[in-house]
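Visitor: I have not looked at this one before. Can you walk me through what is there?
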Amino acid sequence: KNPFDRTVSMGTNGAIGGIYGLMYVQLMKMETSRGIFRVIKGMGLVFLIGTLIDNVNPVSQIGGFVGGALVGILCAPGYKKSYSLTRKNSVEVDPLTREYRQEVGYGIL
């Protein structure tokens, strides 16, 4: 089994890699080292399983990761840390609703 065959690969392998790539870039923007480690560990596990199973192309997983990372760099929202927004009695006014902040966290623009 040669993973560098000249064949077209598509399907869930690349999509899963793309999701991991997008999560990696977003967590890098958020400076969450614990989450970054989990994403790398998960991608490594998916890659390892992909190399052991026939009809799974590990190169498509790497390509999906790179593609997802590019989409994350180009299209993901910006992130700005704001310590004062996380404080309970902050004088800084948050223009977004509390429900939005509970879903995406503080600092998402």
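Visitor: What pattern does the protein chain follow along the sequence?
Guide: Read along the sequence, the pattern is α-α-α-α-α. The chain has five helices and zero strands. Helices (H or I, at least four residues) and strands (E, at least two) are DSSP runs, numbered from the N terminus.

Visitor: Where does the model come from, and how are residues numbered?
Guide: This is a predicted model, in which local features need pLDDT of at least 70 and side-chain atom pairs count only at pLDDT 80 or more, while totals for chains, interfaces and linings use all residues. Residues are numbered from 1 along each chain as its sequence is written, and side-chain values use heavy atoms, with hydrogens and water left out.

Visitor: How much of the chain is buried?
Guide: Of the 109 residues in the protein chain, 26% are buried. Buried means under 20% relative accessible area, exposed means over 50%, and partly exposed is in between (1.4 Å probe, protein chains only).

Visitor: And the contacts, what share join residues at least 24 apart?
Guide: That share is 61%, among contacts between residues at least 6 apart in sequence. Contact means heavy atoms within 4.5 Å.

Visitor: Let's do helix pairs. How do you describe one?
Guide: Two packed helices are described by the angle between their axes and the distance between the axes. Axes are lines fitted to C-alpha atoms, for helices over the stretch in contact, and angles run from 0 to 180 degrees between N-to-C directions.

Visitor: At what angle do α1 and α2 cross?
Guide: Roughly 165°, and their axes come within 9 Å. That makes α1 roughly antiparallel to α2. Angles under 35 degrees count as roughly parallel, over 145 as roughly antiparallel, 65 to 115 as roughly perpendicular and the rest as oblique.

Visitor: Is the crossing of α1 and α2 left-handed or right-handed?
Guide: The crossing of α1 and α2 is left-handed. The term left-handed applies if the near helix is turned anticlockwise from the far one by less than a right angle, and right-handed if clockwise.

Visitor: Which residues meet there?
Guide: From α1 there are I16, G17, Y20, M23, Y24, L27 and M28, and they meet G35, I36, V39, I40, G42, M43 and V46 in α2. By class, the contact of α1 with α2 has eleven nonpolar, three polar and no charged residues. Here Ala, Val, Leu, Ile, Met, Phe, Trp, Tyr, Cys and Pro count as nonpolar, Asp, Glu, Lys and Arg as charged, and the others, Gly among them, as polar.

Visitor: What about α1 and α3, how far apart are their axes?
Guide: The axes of α1 (residues 12–30) and α3 are 6 Å apart, and the helices pack at an angle of about 40°. α1 and α3 are therefore oblique to each other. Their crossing is right-handed. The contact includes N13, G14, G17 and G18 of α1, with S60, Q61, G64 and F65 among the residues of α3. The contact of α1 with α3 divides into eight nonpolar, ten polar and one charged residues.

Visitor: That leaves α2 with α3. What is the angle?
Guide: About 155°, with the axes 9 Å apart. That makes α2 roughly antiparallel to α3. M43, V46, F47, G50 and T51 of α2 make the contact with P58, Q61, I62 and F65 of α3.

Visitor: New topic. Which residues make up the largest nonpolar core?
Guide: Five residues: Y20, L27, I36, V39 and M43. The elements giving two or more residues to this core are α1 and α2 (33–52), and α2 gives the largest share, three residues. A nonpolar core is a set of buried Ala, Val, Leu, Ile, Met, Phe, Trp, Tyr and Cys residues joined through side-chain atoms within 4.5 Å.

Visitor: What does Y20 touch?
Guide: Not counting residues up to four places away in sequence, Y20 touches V39, G42, M43, V46 and F65.

Visitor: Last one. How far is I40 from Y24?
Guide: Their C-alpha atoms are separated by 7.7 Å, and the two are 16 residues apart along the chain. I40 lies in α2 and is partly exposed, with a relative accessible area of 47%.
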